[in-house]
Amino acid sequence: MKTGLNTALFLAVACLTMPAGAQDYPQPPGNLEKLQQFKTTGDVAEIPVVPQSGPKAAAIGKTLSRIKLPQGFKIALYAIVPDARHMAVGPQGVAVFVGTRKTKVYAVTDRDKDRVADEVKVFAPTINFSVPNGVCFSKDGFLFVVEQNRVLTFPAAEFFYEGADVAAFQVAKGGELIPKEEESYNHTARVCRVGPDDKLYIALGQPFNVPASDKLDLYRKWGIGGIIRMDRDGKNREVYAWGVRNSVGIDFNPKDKALWFTDNQVDGMGDDVPPGELNRAEKPGLNFGFPYYGGGKIRTVEYKDQQAPGDAVSPQVEYDAHAADLGMTFYGGSQFPAKYRGGIFVAEHGSWNRTKPIGARIMFTSLKPDGTADKTEVFAEGWLTSDGEYLGRPVDVAVLADGSLLVSDDFAGAVYRISYGQ
């Protein structure tokens with residue numbers, strides 16, 4: 001009975017043979033139209049604020065006392081942020097914006113610069129979001145929010161965020177990022193970056209464990225199971241990388257401008273295969289092998305008898321299987337020792353279907369002089385107990401202006417700050 005139940009659960013949750021119904025993005029009449037004309041809506045009188053003290057903060061502090069870090073580093077609570085997922089640090093240093101897999105985006109403000117948030121409140125509460133996981137900034141202060149099937153931009157977000165009504169414009173209208181019939185509740189947490197070419201890059205996870213072959217032409221056309229790029233106004237969209245199962249972390253190496261991304265690999269093949277991936281795309285048009293490869297050079301059962309693409313790019317780093325490698329960032333700060341400068345931090349969310357759980361930690365990869373990956377090691381761990389219980393699940397990493405590292409955690413509903421030598 002137990003084996004049958006596990007099989008049924010896997011088929012229901014992992015394989016996902018039918019995407020969910022389309023999302024209509026319900027919106028109060030005229031709100032976006034008003035906001036893009038810098039007009040008020042009158043829909044929200046008071047912006048919800050998240051309490052930053054009390055039993056929850058104390059419980060998080062207790063968890064953080066368990067976290068193991070290299071000598072000289074320490075970790076502390078930066079902010080309580082419900083369902084905290086991907087983060088965007090404002091270029092003016094005013095606020096950090098945090099997405100969720102639910103319906104809210106949060107603005108986190110540290111007014112006295114003591115590196116602990118003074119205020120956490122809902123951002124743009126007069127807009128109805130749907131899975132606003134992906135948040136990213138342009139250098140000139142435009143915040144982009146990538147939802148399940150819509151992309152919005154907020155000019156001067158760090159200026160307008162104090163009020164309920166925030167100037168907003170649609171880069172991709174609701175239902176135009178992907179075909180509405182391909183919307184799904186699985187692998188729908190988008191991530192984004194504004195690249196060195198000033199274009200918007202978005203990772204589009206495909207909704208299946210392994211898709212049927214009759215989906216591949218449609219997915220390749222739209223970049224589902226890949227990374228797309230477009231002008232900041234949504235024009236000139238193209239598929240930048242293909243053969244990606246579900247990337248939930250992308251960033252650019254500031255030295256050589258290459259795009260790097262994590263990729264979560266196929267479930268149901270065993271505890272130790274296939275590996276998770278950290279990939280490098282130094283140019284557009286590369287194929288990273290999925291669904292012919294389930295991770296690394298491990299062939300999928302569904303496509304094992306089909307000819308794999310001869311130009312498939314192998315990952316730079318192979319992570320432990322099913323650790324769920326999500327958000328990533330290049331470390332461009334100067335606070336950390338030289339060893340970490342220019343390297344890559346990656347958040348591992350932790351496994352969900354492994355008989356012995358693994359992950360819930362922060363990984364670090366150094367780079368060789370030629371810009372390829374060198375050594376990978378565990379940087380921070382302790383959110384997963386020896387009994388296999390999760391005390392937290394890291395999602396994303398971001399660098400503050402002072403060179404400290406933020407870590408988001410959607411299980412604890414918090415953002416942490418890792419500092420060195422202070």
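Rings of Phe, Tyr and Trp (its six-membered ring) pair if their centres lie within 6.5 Å; planes under 30 degrees apart count as stacked, over 60 as edge-to-face and the rest as tilted. We're working with a predicted model, where local features need pLDDT of at least 70, side-chain atom pairs count only at pLDDT 80 or more, and totals for chains, interfaces and linings use all residues. Numbering starts from 1 along each chain as its sequence is written, and side-chain values use heavy atoms, with hydrogens and water left out.

**Exercise 1. Find the residues that form one aromatic cluster, then classify the pair of Phe 38 and Phe 160.**

Step 1: the cluster consists of Phe 73, Tyr 331, Phe 336, Tyr 340, Phe 345, Phe 364, Phe 379 and Tyr 420.

Step 2: the ring rule gives a count of 28 aromatic pairs. One of them is Phe 38 with Phe 160, a tilted pair at 6.1 Å centre to centre and 40° between the planes. This pair links distant parts of the chain, 122 residues apart: Phe 38 sits in the loop between helix H2 (31-35) and helix H3 (55-64), Phe 160 in helix H4 (residues 157-160). Helices (H or I, at least four residues) and strands (E, at least two) are DSSP runs, numbered from the N terminus.

Step 3: check accessibility, where buried means under 20% relative accessible area, exposed over 50%, and partly exposed in between (1.4 Å probe, protein chains only). Phe 38 has 55%, so it is exposed, while Phe 160 has 26%, so it is partly exposed.

**Exercise 2. Work out the strand order of the open sheet of five strands and name its edge strands.**

Step 1: two strands pair if DSSP finds at least two bridges between them. The order comes out as S10-S11-S12-S13-S17, with mixed pairing.

Step 2: strand S10 (191-194) and strand S17 (286-287) each pair on one side only, making them the edge strands.

Step 3: zoom in on S12 (residues 226-230) and S13 (residues 238-242), which run antiparallel and are joined by four bridges. For Arg 229, the bridge partner in S13 is Glu 238.

**Exercise 3. Decide whether Arg 193 is buried or exposed, and find what its side chain reaches.**

Step 1: Arg 193 is part of strand S10. Its relative accessibility is 18%, so Arg 193 counts as buried.

Step 2: look for polar contacts (a pair of N or O atoms within 3.5 Å; within protein, one must be able to donate a hydrogen and the other to accept it, and residues adjacent in sequence count only if both atoms are side-chain atoms). The side chains of Arg 193 and Asp 251 make one at 2.9 Å. The Arg 193 side chain also reaches the backbone oxygen of Met 328, at 3.2 Å.

**Exercise 4. Locate the cis peptide bond that joins Phe 290 and Pro 291, and describe Gly 289.**

Step 1: most residues other than glycine have a negative phi, and most peptide bonds are trans. The bond between Phe 290 and Pro 291 is cis, with omega about 10°, and Pro 291 lies in the loop between S17 and S18.

Step 2: Gly 289 is in the loop between S17 and strand S18 (293-295). Its relative accessible area is 0%, so Gly 289 is buried.

Step 3: with contact meaning heavy atoms within 4.5 Å, Gly 289 touches Gly 243 and Ala 312, not counting residues up to four places away in sequence.
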